[in-house]
Structures are given as structure tokens and as C-alpha cells.
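Dear colleague,

Please find below the sequence and the model that I am handing over to you. My notes on the findings follow directly after.

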Amino acid sequence: MPGYFPVFQPLPDNVLLATVVGELADRIVQQPVEETKTELMEVIRSMYGSTVPDPVDVVIPDWKTDLFLGTYSNSPVGVTDETHQQLAAPVGRLYFSGEATSADYNGFVHGGLFSGYESADAVIASRSGCHSISGSTYIDSFVLLLLLCLSCIL
């Protein structure tokens with residue numbers, strides 16, 4: 001059983017995130033949740049002892065079938081800041097943003113948010129008489145970013 005759950009992340013509020021990929025992920029989403037819970041607890045108890053209590057709940061998202069879960073990038077060895085800059089480079093009036101374009105925070109939600117701000121600033125800067133969103137509130141920036149994205153698409 002060791003190695004079945006290769007990555008554990010402790011999160012706030014006593015949440016433990018176990019990340020699985022590939023064939024293991026395919027198997028887990030197809031089997032009953034109780035079976036996965038049993039396997040998971042066997043691994044955790046082998047590391048921390050038999051006194052670890054059972055979880056209150058186990059949630060298993062299926063990223064292949066739920067189109068609203070999203071995903072994140074995983075850069076190979078050798079990727080540079082220039083690679084992320086190339087991914088973020090606009091093509092005409094089409095601007096790109098997302099966590100994959102963030103050299104500092106790729107793979108993380110806040111990387112997507114920050115790159116969205118950068119793209120929104122670039123769009124605003126490309127229009128005469130417009131000001132950066134950097135000093136505005138999060139909600140104002142988010143609404144503005146959505147409007148800018150819509151205006152670029154249309």
C-alpha cells in the first residue's frame with residue numbers, strides 16, 4: 001500500500017489533501033468511496049500509528065468527467081521565466097493569462113489571479129486614457145477583468 005498516495009498536503013480546518021495521478025487516479029474514481037477510505041487510512045496509519053481516527057468525510061473529485069473542476073499546469077524541468085513570458089505574450093488583441101503563465105506561482109490559483117491582473121493591466125494600458133487596475137479593490141478588479149475578457153473576445 002505505501003506509494004499509493006504519494007502526496008499529502010495538510011490544509012486548514014483539519015483537512016488532509018491526498019493527490020493521486022495516472023492509473024491510480026483512474027482506479028480511485030471508479031471504486032466505492034469506502035474502499036478508497038480504507039486504503040487511505042491503511043497508508044496514514046502505517047505512517048502515524050493506529051490511533052489516527054477515521055475521517056469525517058472523504059471527497060473524491062473526478063477531473064476527467066466534471067468539466068467545472070479545472071486543472072493546473074505542471075512544468076517540466078528546464079522551464080524558465082522566459083517560457084512563462086512566452087505563454088503570456090499577447091497575439092494581436094488576444095491576451096493570455098492563467099496560472100501556467102505565472103513564473104512565480106504556476107500551478108496555483110493565486111498565480112492565475114495575479115496573471116489575470118497583469119493581463120487586465122496590459123489591456124488597459126493598450127487603450128489610451130485608461131489607468132491600471134493595480135490600486136483598485138479585488139471585487140472591482142475582478143469585475144473589470146471579466147468585462148475586459150469579454151470585450152477582447154467580442
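In which helix is arginine 27 found? Arginine 27 is found in helix H1; helices (H or I, at least four residues) and strands (E, at least two) are DSSP runs, numbered from the N terminus.

Before the details, a word on the basis of these notes. This is a predicted model, in which local features need pLDDT of at least 70 and side-chain atom pairs count only at pLDDT 80 or more, while totals for chains, interfaces and linings use all residues. Residues are numbered from 1 along each chain as its sequence is written, and side-chain values use heavy atoms, with hydrogens and water left out.

Overall architecture

The secondary structure of the chain comprises 5 helices and 2 strands, arranged from the N terminus as β-β-α-α-α-α-α. The chain has 154 residues, of which 19% count as buried; buried means under 20% relative accessible area, exposed over 50%, and partly exposed in between (1.4 Å probe, protein chains only). Where contacts (heavy atoms within 4.5 Å) link residues at least 6 apart in sequence, 35% of them join residues at least 24 apart.

Nonpolar core and the N-terminal elements

The largest nonpolar core consists of 7 residues: Phe5, Leu24, Ile28, Leu40, Met41, Val43 and Ile44. Such a core is a set of buried Ala, Val, Leu, Ile, Met, Phe, Trp, Tyr and Cys residues joined through side-chain atoms within 4.5 Å. Helix H1 (22-30) and helix H2 (33-48) are the elements that give two or more residues to this core, and H2 gives the most, with 4 residues.

Returning to arginine 27, this residue is partly exposed because its relative accessible area is 29%. Its side chain makes a polar contact of 3.0 Å with the side chain of glutamate 39. A polar contact is a pair of N or O atoms within 3.5 Å; within protein, one must be able to donate a hydrogen and the other to accept it, and residues adjacent in sequence count only if both atoms are side-chain atoms.

Glutamine 9 lies in strand E1 and, at 35% relative accessibility, counts as partly exposed. Not counting residues up to four places away in sequence, glutamine 9 touches Val15, Leu16, Leu17 and Thr19.

Pockets

Rolling a probe the size of a water molecule over the atoms shows where empty space is left. On a 1 Å grid over the protein atoms alone, a pocket is an open set of points where a 1.4 Å probe fits, with protein on both sides within 12 Å along at least five of seven lines; lining residues have an atom within 4 Å of a point. Grid points are joined across faces, edges and corners, and a volume is the space filled by probe spheres set on the points.

The largest pocket has a volume of about 1800 Å³. Its lining numbers 46 residues, and Leu17, Ala18, Thr19, Val20 and Pro61 lie nearest its centre. Strand E1 (7-11), strand E2 (15-19), H1 and H2 each supply at least two lining residues, with H2 giving the most, 6 residues. By class, the lining has 30 nonpolar, 10 polar and 6 charged residues; Ala, Val, Leu, Ile, Met, Phe, Trp, Tyr, Cys and Pro count as nonpolar, Asp, Glu, Lys and Arg as charged, and the others, Gly among them, as polar.

The second largest pocket holds about 270 Å³ of space. It is lined by 18 residues, and those nearest its centre are Ala88, Thr101, Ser102, Ser115 and Glu118.

The loop between H3 and H4

Threonine 101 lies in this loop and counts as buried because its relative accessibility is 11%. A polar atom of its side chain lies 2.8 Å from the backbone oxygen of glycine 98, and a polar contact of 3.4 Å joins the side chains of threonine 101 and serine 115. Leaving aside neighbours within four places in sequence, threonine 101 is in contact with His84, Leu87, Ala88 and Ser115.

Glycine 98 lies in the loop between H3 and H4, and its C-alpha atom is separated by 5.8 Å from that of serine 115, 17 residues apart along the chain.

With kind regards
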